[in-house]
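Colleague: I have not seen this structure before. Could you take me through it?

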Amino acid sequence: MSKPHKKKIYGLLAEYDSAAAVFHACETVRDAGYSAWDSHTPFAVHNLDKAMGLKPSVLPWIVFAMGITGASCALLLQWWTSTVDYPIIIAGKPYFSWQAFVPVTFELGVLLSAFGAVFGMLGLNRLPMWYHSLFNSERFHRFSDDKFFIAIEARDPKYDLERTRKLLEGTGATFVEEVED
Amino acid sequence: MSSHNQTVTIAPEQVNLAKGSAWRFLPIIGVVLAAGGLGGAFALKTGHEHQFWFSYLTAFYTFLAIGLGGLFFVILQHLVRAGWSIAVRRLAENAMITLPLLCLAALPIVLFGMHDLYHWTDTEAVAADVMLSAKASYLNETAFKIRIGVYFGVWTLLSVLFYSWSTNGDSDPARGAKNAARARAFAAPALFLFALSLTFAAFDFLMSLDPHWFSTMFGVYFFAGSCLSIHAFLTLMAVFLRKSGYLQGVVTDEHYHDLGKYLFGFTVFWTYIGFSQYFLIWYANIPEETMWFAYRIADDFFPLTLLLCIGRFPVPFLFLLPRAVKRNALTLSIAAIWILFMQFVDMYWLVQPVLAHHHAIETGEHHMTMHLGGLDALTYVGILGVFLAGFGWALGRKALVPVNDPRIAESIKFENF
């Protein structure tokens, strides 16, 4: 006879009916001091980041660094190829004619900024993600339809099944359930 | 957080200037500045006719950029049925309605200043110059005056139409909705008229100062500066009005943010256009085209060209890059003041080197000398006065926002992500 299978718990999932309800619930959870939690809404709710107490994203810095890298690499490449590696006089102009190098410098700056934005965003969101525990909940599937959710993870140091459940129920959640990992 | 209930009540004291408000003195201040500035400039004119008209044209085009920018802003927002901008649209309309007044202020250029400004009005010189003779069917006094008449007519018509549609709706919500629809329908043909008149006016007033030179991008180049000017001006006025207790809860940080994004975007646009114009001429390296840049990077004018290149692109680009700068009244108004200053530098750079170039050739010195003096300051103050008189008059005349625009609530509640 096998041992009874012990479930590992991902956390608590609370369901709300409106954007306003989840907004105020987020404020309560934020003020209670939780750190490992997230909200899920079918559309972007303005200022929800503030209600959740999220810090500004580091993505702009990634984009900026990538843009600078792209532009300087492009300029360096053009400088090296046309003055050091294989200098050719073109239209009687100097080897290092910065004017001629501007379009490529600009384009590569833009290209690497865009890469930084897209892949940086994917990386920060840990995407692509092949599995997420929240989909173990049947009710959660409506997060992309008409329901609003808050999930507090069990790994949160403040997590306590009874107290956290009580907190979520007190915020006007229409349904609170435990989700398997 | 956002609400989907799109109704607001606007307190009348927030959008109407109070009886004793300092803002109500703006038209008087404007008239005084105009009289003092232009009067002083006229008094100093004798013996410096050339310098006077070049300074006058510089000042005129610096403020025309704001007026035309206002017209473009209003047409564009109607055309795309923009929601966010309605809270600041009346300020743009007030800037736009200075156009008839600015056109009047430009009449002296057309009536008395042409011979001092435009080399192609000298018929003997034209006859002796094969290139100018070839252009004479376009560049001659009669055709010039007719064209200027058309541009001024178009600008007056468009600004008065859009202004009165917007202000007539202030008293009656039903008319406000009807006029908004009417303005939207007319916006597309108006944009054509605007683009053509702005482009050809820039050709006639500015590009023909050096009649041998030509660039098809010249109109767009001026347009880019014009867009920068109006967004900078709107930002400043919104900040000042809010600081003096108006527009509370009407113009928000969200509107600052969007104006800041436009300032940032058009900074890049100006650079793109300005560089493209330079780049093609640099590549082709044809003397009649490179000449125009050659004397702008010669002698005294080289530092000015550097200031233009650095002050128009890297400075505002890097400054306006962070989100927080665009959402803060102080930092955003610093950027706006800098951009309005750079518009003057830009217009000075377009107009005045031509005069210095003439001097350098005529005196045989072959040195490009820059004279930034009293006439520049006085004409600048004078045209500023004309502009402020018109703007201040319009500001006190009606509410500070189009209170009956059907989507004013959407604009006030607008939020960026």
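The questions below go through chain A and then chain B.

Colleague: What kind of model is this?
Modeller: Treat every value here as computed from a model. The model is predicted.

Colleague: How many helices and strands does chain A have, and in which order do they run?
Modeller: The secondary structure of chain A comes to five helices and four strands. Read from the N terminus, the order of elements is β-α-β-α-α-α-β-α-β.

Colleague: In what order do the four strands of chain A lie in the sheet?
Modeller: The sheet is open and its pairing is antiparallel. On average, neighbouring strands are turned by 20 degrees against each other, direction ignored. The order of the strands in chain A is E2-E3-E1-E4.

Colleague: Which strands of chain A stand at the edges?
Modeller: An edge strand has a single partner strand, so one side of it is left without a neighbour in the sheet. In chain A that holds for E2 (37–40) and E4 (175–180).

Colleague: Which residue is the bridge partner of A:Leu12 in E3(A)?
Modeller: Strand E1 (residues 9–16) and strand E3 (residues 148–153) of chain A run antiparallel. Six bridges join them. In E3(A), the partner of A:Leu12 is A:Ile152.

Colleague: Which strands of chain A does helix H1 touch, and at what angle to E3(A) does it run?
Modeller: Helix H1 (residues 19–32) of chain A packs on the sheet. The strands it touches are E1, E2 and E3 of chain A. Its direction makes an angle with that of E3(A) of about 20 degrees.

Colleague: Across which strands of chain A does helix H5 lie?
Modeller: Helix H5 of chain A covers residues 161–170. It runs at about 15 degrees to E1(A). The strands it lies across are E1, E3 and E4 of chain A.

Colleague: What is the radius of gyration of chain A?
Modeller: The C-alpha trace of chain A spans about 80 × 50 × 30 Å along its principal axes. A compact globule of 181 residues would have a radius of gyration near 16 Å. For chain A the value is 25 Å.

Colleague: Where is the cis peptide bond that involves A:Pro128?
Modeller: A:Pro128 lies in the loop between helix H4 (98–124) and E3 of chain A. Omega of the cis bond is about -5 degrees. The bond joins A:Leu127 and A:Pro128.

Colleague: What is phi of A:Ala91?
Modeller: A:Ala91 lies in the loop between helix H3 (59–85) and H4 of chain A. Its phi is positive, in a residue other than glycine. The value is near 55 degrees.

Colleague: Now chain B. How many helices does it have, and why is it called as compact as a globular protein of its length?
Modeller: Chain B has 18 helices and zero strands.

Colleague: How do H5(B) and H17(B) run relative to each other?
Modeller: The axes of helix H5 (residues 99–117) and helix H17 (residues 374–397) of chain B come within 9 Å. They cross at roughly 150 degrees. Angles over 145 degrees count as roughly antiparallel. So H5(B) and H17(B) are roughly antiparallel.

Colleague: How do the residues of that contact, H5(B) with H17(B), divide by class?
Modeller: From H5(B) come B:Leu101, B:Leu102 and B:Ala105. They meet B:Ile383, B:Val386, B:Phe387 and B:Gly390 in H17(B). The division is six nonpolar, one polar and no charged.

Colleague: How far apart are the axes of H3(B) and H17(B), and what is the hand of their crossing?
Modeller: Helix H3 (residues 49–79) of chain B packs on H17(B) at about 35 degrees. The axes are 8 Å apart. The contact holds 11 nonpolar, five polar and one charged residue. The crossing is right-handed.

Colleague: How does H3(B) stand to helix H8 of chain B?
Modeller: H3(B) and helix H8 (residues 141–168) of chain B have axes 11 Å apart. Their angle is about 50 degrees. That makes H3(B) and H8(B) oblique.

Colleague: And in which hand does H3(B) pass H8(B)?
Modeller: Among the residues in contact are B:Phe60 of H3(B) and B:Trp155 of H8(B). By class, the contact has 10 nonpolar, two polar and no charged residues. The crossing is left-handed.

Conventions: Residues are numbered from 1 along each chain as its sequence is written. Chains are lettered from A and ligands numbered from 1 in the order in which they are written. This is a predicted model: local features need pLDDT of at least 70, side-chain atom pairs count only at pLDDT 80 or more; totals for chains, interfaces and linings use all residues. Side-chain values use heavy atoms; hydrogens and water are left out. Two strands pair if DSSP finds at least two bridges between them. Helices (H or I, at least four residues) and strands (E, at least two) are DSSP runs, numbered from the N terminus. Axes are lines fitted to C-alpha atoms, for helices over the stretch in contact, and angles run from 0 to 180 degrees between N-to-C directions. Contact means heavy atoms within 4.5 Å. Angles under 35 degrees count as roughly parallel, over 145 as roughly antiparallel, 65 to 115 as roughly perpendicular and the rest as oblique. Ala, Val, Leu, Ile, Met, Phe, Trp, Tyr, Cys and Pro count as nonpolar, Asp, Glu, Lys and Arg as charged, and the others, Gly among them, as polar. A crossing is left-handed if the near helix is turned anticlockwise from the far one by less than a right angle, and right-handed if clockwise. The radius of gyration is taken over C-alpha atoms; the globule rule is 2.2 Å times the number of residues to the power 0.38.
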